[in-house]
2 protein chains.
Amino acid sequence: MDISRHDIHSCDIPSLCKSCEVRHKGMCGALNPDELTLLSRHTRQIEHPSGEELVGESTRVEAYDNLMRGVVKLSKTLEDGRQQIVGLQFAPDLVGRLYAGESPMTAEAASDVEVCRVPRATLERLIERNPALRKRLMDQSLRELDEARDWMVTLGRKTAAEKVASLLLLIASHLDPEAAGERRIFDLPMSRLDMADYLGLTIETVSRQFSRLKKDGIITITANRHIEVLSLAKLQARCG
Amino acid sequence: MDISRHDIHSCDIPSLCKSCEVRHKGMCGALNPDELTLLSRHTRQIEHPSGEELVGESTRVEAYDNLMRGVVKLSKTLEDGRQQIVGLQFAPDLVGRLYAGESPMTAEAASDVEVCRVPRATLERLIERNPALRKRLMDQSLRELDEARDWMVTLGRKTAAEKVASLLLLIASHLDPEAAGERRIFDLPMSRLDMADYLGLTIETVSRQFSRLKKDGIITITANRHIEVLSLAKLQARCG
DNA sequence: GGGCGACCTTGATCAAGATCAATTTTGCCA
DNA sequence: TGGCAAAATTGATCTTGATCAAGGTCGCCC
């Protein structure tokens, strides 16, 4: 794990700093120079390999993680080990349940991930002082709530085929958002098991649905993770 | 529908006023006298019979509803009519998706319901001015997000028996929260169809699970809606 | 380049819950 | 109080997705 001082001039915390790459979605411009200085003093840039845990379920929350690159999965586990993924986060989301003493879930790197870690107190102080930052975080929370409720429909009322199509569409829209037309190309940021745990299915069922999408000419798969969507319209039609 | 001027002295908007019945959970004390006067001028108290819609899916949001009595269900519907309930709201929640032009879901009275309706602009102006109110609404949003993610585990990974037990426990904790010991007594605020739509099941499956809980001596049911939980511990043990 | 382990696919069978089809119960109103 | 429609229960059967069981593929490290 690479931990280095955070330099304000080469700042790449997408959600909190000015010179970020993903300016259009992040918190850039929300902070004034003083606030940026304060932030840069307390922030550390950290890399996590795929599979590494950022925050454990029911553990104390000491810091928030600003997601710069990669995909983070949020999951919950029943006592007997059954697991459900309850959300995916993409850059430039803030990872971590605001204001909670204990994290209600596990946050884990789904792919290799780069974050900027901000101590809890630092961020919460900034939120107090900065209305723009506050509004951004409120908007992120409300958006996550919308997404969670959308996914409840998927979990409760869709068939296995519709579930897998919905997930592919969700991932495509985050990882290849600019693309026009019918095609989308991307690498799945998660294993079949993760997908099953997100969809409330087994890996076998997920695999069979992938095979069906392939057979029906809607996608091609190479090397397990590389997906090409040939007909976005047909994929959408399978989402229910 | 009974619409009457809202009188500040007999104010009973639990979440926004001072003399509310559910002081411990609401927004009482968040507003100063000026703000209360502003609010009282624009607020209307409204009663909705069970089944009546407060806000429709994909319709323009013109006002928020402060829930004073009863239970509101939030639902989403797929094109072919499949329905999923994505949340329940109890007094003194604020009903309505903050800051959205269009409501992402339907809000409907599950039982008979009393609300205070606040125009969108009025509440949003108050939020700007009042940090305590702002924090309360942020906390409600974050709590709803936690609840939605908890429910995703129920929808994705629990069996029918565990789902029904989880719902009974959820309702018991809201409708008979003070009770000590092993017993809880309450009236279900929703039909078997609503419960099925919340759990991602059919009414037949819900009914069979109720019969099983009865047979196993965990609950008694009278008149379809009146529930007595005989052993809270056994009910909890069935939640997974 | 070969070998090993993790991950994925495919097939056969099983079971939980859906569907279809009657009854029964409840609430309501005349 | 009786009658009726809506809601709930119960039973028989079917279907979807889970489970069990082999193989196959991929990626990585020596």
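So, 43 residues of chain A are in contact with 43 residues of chain B, where contact means heavy atoms within 4.5 Å. Together chain A and chain B bury about 3800 Å², and 60% of that is on carbon and sulfur atoms. Buried area here is the accessible area, taken with a 1.4 Å probe, that two parts lose on being put together, summed over both.

Quick housekeeping. This is a predicted model, where local features need pLDDT of at least 70 and side-chain atom pairs count only at pLDDT 80 or more, while totals for chains, interfaces and linings use all residues. Residues are numbered from 1 along each chain as its sequence is written, chains are lettered from A and ligands numbered from 1 in the order in which they are written, and side-chain values use heavy atoms, with hydrogens and water left out.

Okay, empty space. Rolling a probe the size of a water molecule over the atoms shows where empty space is left. We use a 1 Å grid over the protein atoms alone: a cavity is a set of points where a 1.4 Å probe fits but cannot get out, a pocket is an open set with protein on both sides within 12 Å along at least five of seven lines, and lining residues have an atom within 4 Å of a point. Grid points are joined across faces, edges and corners, and a volume is the space filled by probe spheres set on the points.

The largest pocket has a volume of about 940 Å³. Of its 40 lining residues, Asp146(A), Glu147(A), Asp150(A), Leu170(A) and His174(A) are closest to the centre. Helix 3 of chain A gives the most to this lining, with 12 residues. Helices (H or I, at least four residues) and strands (E, at least two) are DSSP runs, numbered from the N terminus. By class, the pocket lining has 16 nonpolar, 10 polar and 14 charged residues. For those classes, Ala, Val, Leu, Ile, Met, Phe, Trp, Tyr, Cys and Pro count as nonpolar, Asp, Glu, Lys and Arg as charged, and the others, Gly among them, as polar.

How many cavities of 30 Å³ or more are there? The count comes to 3. The largest cavity has a volume of about 200 Å³. Its lining has 18 residues, and nearest its centre lie Leu94(B), Gly96(B), Arg97(B), Leu98(B) and Glu144(B). Helix 3 of chain B supplies the largest share, 4 residues. The second largest cavity has a volume of about 150 Å³. Among the residues closest to its centre are Leu94(A), Gly96(A) and Arg97(A).

Last stop, a sheet. In chain B, an open sheet of 3 strands has the order 10-12-11, with antiparallel pairing; two strands pair if DSSP finds at least two bridges between them. Strand 10 (184–187) and strand 11 (219–222) of chain B are at the edges with a single partner strand each, so one side of each has no neighbour in the sheet. Between strand 10 and strand 12 (residues 226–229) of chain B there are 4 bridges. Phe186(B) stands opposite Ile227(B) in strand 12 of chain B. Helix 4 (residues 160–175) of chain B packs on the sheet, touching strand 10 and strand 11 of chain B.

Note on methods. Axes are lines fitted to C-alpha atoms, for helices over the stretch in contact, and angles run from 0 to 180 degrees between N-to-C directions.
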